[in-house]
Amino acid sequence: MPRRTRVVIAIAIYSRPGCHLCEEMKAVVQRAVRVSGVAATIEEIDISTDPALEDRYGVEIPVLYVDGKKAAKYRVAEEGLARMLAARLGSTSR
């Protein structure tokens, strides 16, 4: 019988220290992952350490990527993100 592989969703949050919206998004993402029950990696990327990222994002942070696709900027609703993660899991497990 073939072994079922568990899909892991890659989440990246582009942010910088001292950004209150970034801290809020990080908390929302963590709760949404927990509520949705998906397996996910959450990478926090500090744009202040990379001039190219600073140029690209500037003050337009936080930015949320899910599996390499931009999912949100500034704010994200926990319920909507949890639904999106669960749907993403369903679409990748077929």
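The following dialogue reads several features of a predicted model.

Trainee: Where does Arg-16 lie, and which residues does Arg-16 touch?

Mentor: Arg-16 sits in the loop that links strand S1 (8-15) to helix H1 (20-36). Not counting residues up to four places away in sequence, Arg-16 touches Cys-22, Asp-46, Ile-47, Ser-48, Glu-54, Gly-58, Val-59 and Ile-61. With Gly-58 there is also a polar approach: a polar atom of the Arg-16 side chain lies 3.2 Å from the backbone oxygen of Gly-58.

Trainee: Is Pro-62 buried or exposed?

Mentor: A residue is called buried when its relative accessible area is under 20%. Pro-62 has a value of 0%, so Pro-62 is buried. Pro-62 belongs to the loop between helix H2 (51-57) and strand S3 (63-66).

Trainee: Which residues are in contact with Pro-62, leaving aside its neighbours within four places in sequence?

Mentor: They are Ile-13, Tyr-14, Cys-19, Leu-21, Cys-22, Met-25, Ala-72, Lys-73 and Tyr-74. As for Ile-45, 17 residues separate it from Pro-62 in sequence, and the two C-alpha atoms are 9.8 Å apart in space.

Trainee: Which way do the residues of S3 point?

Mentor: In a regular strand, side chains alternate between the two faces of the sheet. In S3, Val-63 and Tyr-65 point one way, while Leu-64 and Val-66 point the other way; all are buried.

Trainee: How many bridges join S1 to S3, and over how many do S3 and S4 pair?

Mentor: S1 and S3 run antiparallel and are joined by 4 bridges, with Ala-12 opposite Tyr-65. S3 also pairs with strand S4 (residues 69-73) in the antiparallel sense, over 4 bridges; here Tyr-65 stands opposite Lys-70. The hairpin of S3 and S4 has 2 residues between the strands, and Asp-67 takes a positive phi near 50 degrees there.

Trainee: Which residues of the largest nonpolar core touch the most other members?

Mentor: This core has 14 residues, and those with the most contacts to other members are Ile-11, Val-29, Leu-64, Leu-81 and Leu-85. Two or more residues each come from S1, H1, S3 and helix H3 (78-92). H1 gives the largest share, 4 residues. Apart from this core lies another, of 12 residues, including Tyr-14, Cys-19, Ile-45 and Ile-61.

Trainee: With which residues is Leu-64 in contact, leaving aside its neighbours within four places in sequence?

Mentor: The contacts of Leu-64 are Ile-11, Ala-12, Ile-13, Met-25, Val-29, Lys-69, Lys-70, Ala-71, Ala-72, Val-76 and Leu-81.

Note on methods. Residues numbered from 1 in each chain as written. Predicted model: local features only at pLDDT ≥ 70, side-chain atom pairs only at ≥ 80, totals over all residues. Heavy atoms only, no water. Polar contact = N/O pair within 3.5 Å; in protein donor to acceptor, adjacent residues only side chain to side chain. Contact = heavy atoms within 4.5 Å. Buried < 20%, exposed > 50% of the residue type's maximum accessible area, 1.4 Å probe, protein only. Pairing = 2+ DSSP bridges. Core = buried A, V, L, I, M, F, W, Y, C linked by side-chain atoms within 4.5 Å.
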